[in-house]
Every structure is written in C-alpha cells, then in structure tokens.
Amino acid sequence: MKEKILIVDDTVDIVELLRKRFRAEGYETEEAYDGEEALVKVAENPPDLLILDVMMPKLDGISVCRQLRNDPATRHLPILMLTAKSEVADKVEGLDTGADDYITKPFDYKELAARVRSLLNKKNASVEMAKKEKSEALDQMVDEVSHEVRNPLVAIGGFARRVVKNMADDDPNRPAMEIILQNVATLERMVTELLQLKGASLAFQQPLDLHQLIKETIALFTEKIHTHEVMINLDLMENPPPIAVDRENFSRALFNIIENGMEAMTEPPQHLTVKTRVSNNDFLEIRITDSGCGISHEKIKSIYDPFFTSKTHGPGLGLTFALRTVQNHNGMIAVESKKGQGSTFIIRLPIRSHR
C-alpha cells in the first residue's frame, strides 16, 4: 500500500511541484491550501505524513500543528514544517508545538525527500515496535488466563451442569442456572481461543493443496449452508503455485474468516465467494467475499484487535488468530468493506519464499 503525504501550502506552484515529485517516487498525495482545509482532510482520510507551511490564510501552520498534537487520533502523525529563512521564531515555536522537523524555503527537493523518508521510516519502526509489544502483552495475558481462569472455570461449569441435570423442568431456579451455563460456555470458548491464538506461532509448514484445504474448510459449514440456503461460489484458479502452510492453523484461519462472513449474512440472498489467483507474480491471493452487512469505516481498523466485536453473540479472537497465522506465513491480510455492501477478506501468501 502506498504511503500518503498531505501537502499543505497556500502557494500553488509549491504544492504542484511536490505533488508531481512525490507521486513520481511512488507516494500517494493529497493537497490543501489553508489550515482549515488541512484539518478537514486529516480528519476525513488521515495521511502517513504532513508537510505543513507555517504562513497560511484562515489558520496558520502553528495552530494546525497544535490542534493535531492535542488530538489523540493525530498525536503521532509525522509533521514536517516549511518555514522562510527569516522565521526563526516560527521554527522554534513549531518544534515546541510538536513538529517533527522543519526545512526552510527555498528548499532543495532532494533534502526534503530525504527528511520525508527519515520521518516515515521512524514512524514505521514505531508502529512495528508497538505491534511487537502488543503481541508480547497478549502472549502474557494468554498465560495468565490459562493458568488462573481455566481450572476454576472448569469446576464452575462442571458443578453447574450437574445441578441443572438434577433439576426438575419446572424448578424456578432453572432459568437462572441456564444463564450461568451460557456465560460459562462463553468464557470457556474465550479460553480455548486464547490457547489457540498462542499456538498460531507454532507452525509446521509443508506444501499442501490449498484448494483442497479450502474445500475441506467450507465442508465444515455444510449444515449451516443448507439451513440458511447460503450460495457458495468457488472461483479457483487452475494449477496454483505450491505454497507451504501449517494445515491446522491455516485451516482454522480460513474457518474463522468464513465463519465471520456467515454470521454477517442475516438476510437473503446469502452468497459466499472464495476466489484464488496469482497477484503480481509474487503472491497467491485468496479472496473471501460475503454478502453480509459490511463493516463501517470507524470499525474496520479494529476488527483484528483481541475481543473486538460488532456481533451480538459476544467478542472473540477469530480474526486476531487469522491475522497472526497469515503473518506467521510471511503473508498479508486485508479487508475491503462498506456498511451494507458486504466484505472481502484478502489473504496474500508469498510465492517466492516457498519455491
């Protein structure tokens, strides 16, 4: 995915120059010509980096920088400020306000491009570090939950089931006990998913027929497909390249994504499509598309977070497991979705590394 730079300057020639140069280098760009327009565009579609002129109409660069730094959603957005040589005080104020770097006008594009690359590299390194810390914290939580919760939960569930078994059907306490059992089942499922998530990194990869694995996974939903009259469409390429995967983990990852799609489809017609193809000669791509309710823009960035859910039956770790499994296969997973228009999960597995 291309990194996006928002260029904010009231000088049209500078904006046009930077737009052409950055796009030639493979970046995506967006432009704004005053501070108020910049804030609107950051809010609507956050960039990866902001090039921000100090002197602008409506709202100057210092004020824009201050507002962005006071907002938790944009607090860590890299900001490179453009200043005139005489604006020493603005440079100091800009850095004090939270700008990451500055460059003076007129500037040398090569120097500007180098500073942009440096800021983006630092941002990417910080993101990777945060992901690593999040993963380590999740592993620690798995250990704590499995040791501290699982045993007493088994005891509670076991005794509760025994009590219910010996109850008369018209016992007034039976509804309360059944609610207890439902919640115990939910907690037991969470503990099981936590242990499975930890196992996602323990992979034994071997060349497999992925198309056969896809068919076997879909077969696990036979009853649900029949009951809900789900139309399954398999669009599988001929002679797919050999890919080495862990059978158990990758099948479970596919299962979790398909299950997510099944649960999202509540109204007929219900269609689920699985398509494979080679993308850019470098990746085997698996696309799983459902005709469900879709995912809103606000929630789409959180769907892989542990225990995040928009479903009514409770949170889980299914998509978290899928993400970790694909990453452990050196692959990538993405989702395309719009509210009310269904979702497509895209798994890309590298071909070269398995040759």
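Mentor: Let us begin with E229, which is found in the loop between α9 and β7 (230–235). E229 has a positive phi of about 55 degrees although it is not a glycine. Please keep in mind throughout that this is a predicted model.

Trainee: Is E229 buried or exposed?
Mentor: E229 has a relative accessible area of 63%, so it counts as exposed.

Trainee: And what is the phi of K58 like?
Mentor: K58, although not a glycine, has a positive phi of about 70 degrees. It lies in the loop between β3 (49–53) and α3, and with a relative accessible area of 63% K58 is exposed.

Trainee: Then where is a cis peptide bond?
Mentor: One joins K105 and P106, with omega at about -10 degrees, and P106 has its place in the loop between β5 (101–105) and α5. The peptide bond from P268 to P269 is also cis, and its omega is near -5 degrees.

Trainee: Where does P268 lie?
Mentor: P268 lies in the loop between α10 and β9 (270–279), and P269 is found in the loop between α10 and β9. P268 is exposed, with a relative accessible area of 67%. The C-alpha atoms of P268 and V230 are separated by 8.4 Å, although these residues are 38 apart along the chain.

Trainee: Changing topic, how many helices and strands are there in the chain?
Mentor: The chain has twelve helices and twelve strands. Of its 355 residues, 43% count as buried, and among the contacts with a separation of 6 or more, 67% are between residues 24 or more positions apart.

Trainee: How do α2 and α3 pack?
Mentor: Helix α2 (residues 35–44) and helix α3 (residues 61–70) have their axes 9 Å apart and pack at an angle of about 25 degrees, and they are therefore roughly parallel to each other. The crossing of α2 past α3 is right-handed, and the contact is made by G35, L39 and V42 of α2 together with V64, Q67 and L68 of α3.

Trainee: What about α8 and α10?
Mentor: Their axes come within 10 Å and cross at roughly 50 degrees, so α8 and α10 count as oblique to each other. α8 passes α10 in a right-handed crossing. On the α8 side the residues that meet α10 are L210, L213, I214, E216, T217 and I218, and on the α10 side they are R247, F250, S251, L254, F255 and I258.

Trainee: And which way does α10 pass α12?
Mentor: That crossing is left-handed. The axes of α10 and helix α12 (residues 318–328) come within 8 Å and cross at roughly 140 degrees, so these helices too are oblique to each other. The residues of α10 that meet α12 include N249, F250 and R252, whereas those on the α12 side include G318, L319 and F321.

Trainee: How many aromatic pairs does a search of the whole structure find?
Mentor: It finds three aromatic pairs. There is also one aromatic cluster, formed by F22, Y27 and Y109, and the charged end of R21 sits over the ring of Y109, 4.8 Å from the ring centre.

Trainee: Last one: where is D139 found?
Mentor: D139 is found in helix α5 (residues 109–148), and with a relative accessible area of 26% it is partly exposed. D139 and L197 are 58 residues apart in sequence, yet their C-alpha atoms are 8.6 Å apart in space.

Conventions: Residues numbered from 1 in each chain as written. Predicted model: local features only at pLDDT ≥ 70, side-chain atom pairs only at ≥ 80, totals over all residues. Heavy atoms only, no water. Phe/Tyr/Trp six-rings, centres within 6.5 Å; stacked < 30°, edge-to-face > 60°. Lys NZ or Arg CZ within 6 Å of the ring centre and 35° of its normal. Axes fitted to C-alpha atoms, helices over the stretch in contact; angles between N-to-C directions. Helix = DSSP H or I, 4+ residues; strand = E, 2+ residues; numbered from the N terminus. Parallel < 35°, antiparallel > 145°, perpendicular 65-115°, else oblique. Left-handed = near helix turned anticlockwise from the far one by under 90°. Contact = heavy atoms within 4.5 Å. Buried < 20%, exposed > 50% of the residue type's maximum accessible area, 1.4 Å probe, protein only.
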